[in-house]
Amino acid sequence: KGFKFAEPFFLRQHEPGDMGWVTHRHGVLYAQEYGWDARFEALVAQIVADFITNYNPARERCWIAEMSGENAGCVMLVKDDQPHVARLRLLLVDPKARGLGLGARLVDECVRFARDKGYTKVTLWTHSALSAARHVYEGAGFKLTSSEPRRSWGKDVVAEFWDLDL
């Protein structure tokens, strides 16, 4: 009674080697689950390269979730082109860690960090097919601001843009 179990995962900042994992897991999972081609993995690699090249630890962060000694998820928060706006990027929860609240925990960490750093808005880009991620974003208070059909990564997709005012 009154005993709270610890989360089965913990969050940490990125370390050497993690960005290769982020790129690899996105490439593998999105090919398996959505049929997206190697151009998606190339996009992730570019996002990761830009993050590392321009990384400002005072304003940006990447979280890696570990579970049983293995990487199980990730997310990034980076400074957007617009002043006082942060961009949530590359949210991923490995299938072995789904259903544990990890996605919500990663997004909550981004929102908390953005508030602490004085951002006034968090924005993100996702796709309508990513229903679990969309559910997490809605739960965190993000609002869908626009969507548009596109042909990307060998598939017809609907790109969505979401914002959260802080």
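1. In this predicted model, helix H1 has 17 residues and spans 23 Å from its first C-alpha to its last, close to the 24 Å expected at 1.5 Å a residue. The helix runs over residues 18-34 and is followed by Gly35, whose phi is positive, near 75°.

2. The buried residues of H1 are Asp18, Met19, Trp21, Val22, Thr23, Arg25, His26, Gly27, Leu29 and Tyr30. Their cover includes helix H2 (38-54) together with strands S1 (10-13), S2 (61-67), S3 (70-79) and S4 (85-93). In general, an α-helix has 3.6 residues a turn, so residues three or four places apart point the same way.

3. Thr23 may be taken as an example from H1. Its relative accessibility is 12%, and because buried means under 20%, Thr23 counts as buried. Beyond its neighbours within four places in sequence, Thr23 is in contact with Glu41, Val44, Ala45 and Val48.

4. The aromatic pairs come to 12. In one of them, Phe40 and Trp153 have ring centres 5.0 Å apart and planes at 75°, so the pair is edge-to-face. Phe40 belongs to helix H2, whereas Trp153 lies in the loop between strand S6 (143-152) and strand S7 (155-165); the pair therefore ties together parts that are 113 residues apart in sequence. Both partners are buried: Phe40 has a relative accessible area of 8%, and Trp153 has a relative accessibility of 9%.

5. A further pair is formed by Tyr137 and Trp162, with ring centres 6.4 Å apart and planes at 55°, so this pair is tilted. Tyr137 is in helix H4 (residues 131-139) and Trp162 in strand S7, so that distant parts of the chain, 25 residues apart, are linked. Tyr137 and Trp162 are buried.

6. Two other features involve aromatic rings. Tyr30, Tyr34, Trp36, Phe40, Trp125 and Trp153 are linked by ring pairs into a cluster. Separately, the charged end of Arg59 sits over the ring of Tyr119, at 4.1 Å from the ring centre.

7. Which residues have the most contacts inside the largest nonpolar core? They are Met76, Leu88, Leu102, Tyr137 and Phe142, in a core of 50 residues. Helix H3 (residues 102-116) gives the most to this core, contributing seven residues.

8. Leaving out residues up to four places away in sequence, Met76 touches Met19, Ile47, Val48, Phe51, Arg61, Cys62, Arg87, Leu88, Arg89, Leu90 and Cys110. One of these residues, Arg89, stands opposite Met76 in S4.

9. Strands S3 and S4 pair in the antiparallel sense over six bridges. Their hairpin has five residues between the strands, and in this hairpin His84 takes a positive phi near 65°.

10. On the pairing of S4 with strand S5 (residues 121-127), the sense is parallel and there are four bridges. Here Leu88 stands opposite Leu124 in S5; Leu88 is also among the residues with the most contacts inside the largest nonpolar core. S4 is mostly covered, with eight of its nine residues buried. As a general point, the side chains of a regular strand alternate between the two faces of the sheet.

Conventions: Residues numbered from 1 in each chain as written. Predicted model: local features only at pLDDT ≥ 70, side-chain atom pairs only at ≥ 80, totals over all residues. Heavy atoms only, no water. Helix = DSSP H or I, 4+ residues; strand = E, 2+ residues; numbered from the N terminus. Buried < 20%, exposed > 50% of the residue type's maximum accessible area, 1.4 Å probe, protein only. Contact = heavy atoms within 4.5 Å. Expected span 1.5 Å × (residues − 1). Phe/Tyr/Trp six-rings, centres within 6.5 Å; stacked < 30°, edge-to-face > 60°. Lys NZ or Arg CZ within 6 Å of the ring centre and 35° of its normal. Core = buried A, V, L, I, M, F, W, Y, C linked by side-chain atoms within 4.5 Å. Pairing = 2+ DSSP bridges.
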